[in-house]
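I am opening a notebook on a structure that is new to me, and I want to record what I look up as I go.

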Amino acid sequence: MATSRSGGGPWSYLESRKNLTGSACGLAGVVLTFTGVAGPYWPVVVAGLYGAGALLAPPERPAPPAFPGPSDQLAEVRGDFERLRRYLSDVELPPGVRERLAGLTGLLDALLEPGWVAEVLAADPDGVHAVSRTVRQDVPEAVDAYVRARWWTRIGPGQEPPEAHLERQLALLRDEAAGLTDRLREAEARRQEAHTRYLEDRSER
C-alpha cells in the first residue's frame, strides 16, 4: 500500500519548513566551502548551518478544521425547510390553523429564498439560528403535538381543542419571524443611512 505524504511518514519531514530552511542554510555552507571560507572544517560548518536553519524555521501549523459557514448552514436549513413543507402538506389541519401556518411559512420562504435577502440573513448568525430552530424544531414539534392531542380529544371530548394551542403557537412563531425580518430590514436601513452620511461628509471636504 502506498504511503500518503500527508499522513506523517518520511515525506512529511522532507517537505517540512524545518528541512527546507535547514537545507537552504546548508547550501549556503556548501557555497562557503567552495569559496574557501569554511576551510577544512566544512562538514561541521554545513551541518551547523543546517541545524541552525532547522531550529530557526517556524513550526508547522496544522490547518484548522473547515466548519460550514453561515451560508452553508443556511443552505442546509433551506433543504430542511423543503422537507418540512412536504411533511406539513400531508398533515390534516383545520382551515384556521392552515391559514396561520401559511403566514409563517411565507415569511420563512421569503427569508430563505436564494438571493440577496438570504445573504443578509446569512450575515446574522443569531438570525440563522432562529430560522433553523423554527424549521427543525418548533414547527414540527407543534404540529406533531397537535396530531397526538387531537387523537386523545376524540376519545375524551370536552377538553380544550388542540387546534387552539397550535394556532397560538404558530402566531407566536410568526411574530418571532416577523421580528427577525424587522431587525434585518433595520440593519439594511442603517447601512443605507451610513452610506448617505459618508457621501455627505466626502462632499464637504
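This is a predicted model: local features need pLDDT of at least 70, side-chain atom pairs count only at pLDDT 80 or more; totals for chains, interfaces and linings use all residues.

**Where α5 meets α8**

I looked up the contact between two helices and found that Gly96, Val97, Arg100, Leu101, Gly103, Leu104, Leu107 and Leu111 in α5 meet Glu163, Leu166, Glu167, Leu170, Ala171, Leu173, Arg174, Ala177, Ala178, Leu180, Thr181 and Leu184 in α8. By class, I noted 13 nonpolar, 3 polar and 4 charged residues in this contact of α5 with α8.

I then checked how the two helices lie, and helix α5 (residues 95-112) packs against helix α8 (residues 162-203) at an angle of about 25°, with the axes 9 Å apart. Because angles under 35 degrees count as roughly parallel, I put α5 down as roughly parallel to α8. The crossing of α5 with α8 is left-handed.

**The chain as a whole**

I went back to the overall pattern and counted 8 helices and 0 strands in the chain, which reads α-α-α-α-α-α-α-α along the sequence. The chain has 205 residues, of which 25% count as buried. Among the contacts with a separation of 6 or more, I found that 70% come from residues 24 or more positions apart.

**Where α4 meets α7**

Next I turned to helix α4 (residues 70-89) and helix α7 (residues 125-155), whose axes come within 10 Å and cross at roughly 20°. That angle makes α4 roughly parallel to α7, and I recorded their crossing as left-handed. On the α4 side the contact includes Gln73, Leu74, Val77, Phe81 and Leu84, and on the α7 side it includes Val128, Val131, Ser132, Val135 and Arg136. Sorting the residues of this contact of α4 with α7 by class, I have 12 nonpolar, 2 polar and 4 charged.

**From α7 to α8**

I also wanted to see how α7 lies against α8, and I found that their axes come within 9 Å and cross at roughly 170°. Since angles over 145 degrees count as roughly antiparallel, α7 is roughly antiparallel to α8. The contact of α7 with α8 has 10 nonpolar, 4 polar and 7 charged residues.

In the loop between α7 and α8 I located Pro161, which is partly exposed, with a relative accessible area of 40%. I compared its position with that of Tyr146, and the two are 15 residues apart in sequence, while their C-alpha atoms are 9.4 Å apart in space.

**A record entry within α8**

Last, I consulted the UniProt record, where an unreviewed entry lists residues 163-197 as "coiled-coil region". In the model, I found this span to be 100% helix and 0% strand, and the C-alpha atoms at the ends of residues 163-197 lie 50 Å apart.

Terms used. Residues are numbered from 1 along each chain as its sequence is written. Side-chain values use heavy atoms; hydrogens and water are left out. UniProt positions are given in the numbering used here, feature names are shortened, and annotations may be inferred rather than shown by experiment. Helices (H or I, at least four residues) and strands (E, at least two) are DSSP runs, numbered from the N terminus. Axes are lines fitted to C-alpha atoms, for helices over the stretch in contact, and angles run from 0 to 180 degrees between N-to-C directions. Angles under 35 degrees count as roughly parallel, over 145 as roughly antiparallel, 65 to 115 as roughly perpendicular and the rest as oblique. A crossing is left-handed if the near helix is turned anticlockwise from the far one by less than a right angle, and right-handed if clockwise. Contact means heavy atoms within 4.5 Å. Ala, Val, Leu, Ile, Met, Phe, Trp, Tyr, Cys and Pro count as nonpolar, Asp, Glu, Lys and Arg as charged, and the others, Gly among them, as polar. Buried means under 20% relative accessible area, exposed over 50%, partly exposed in between (1.4 Å probe, protein chains only).
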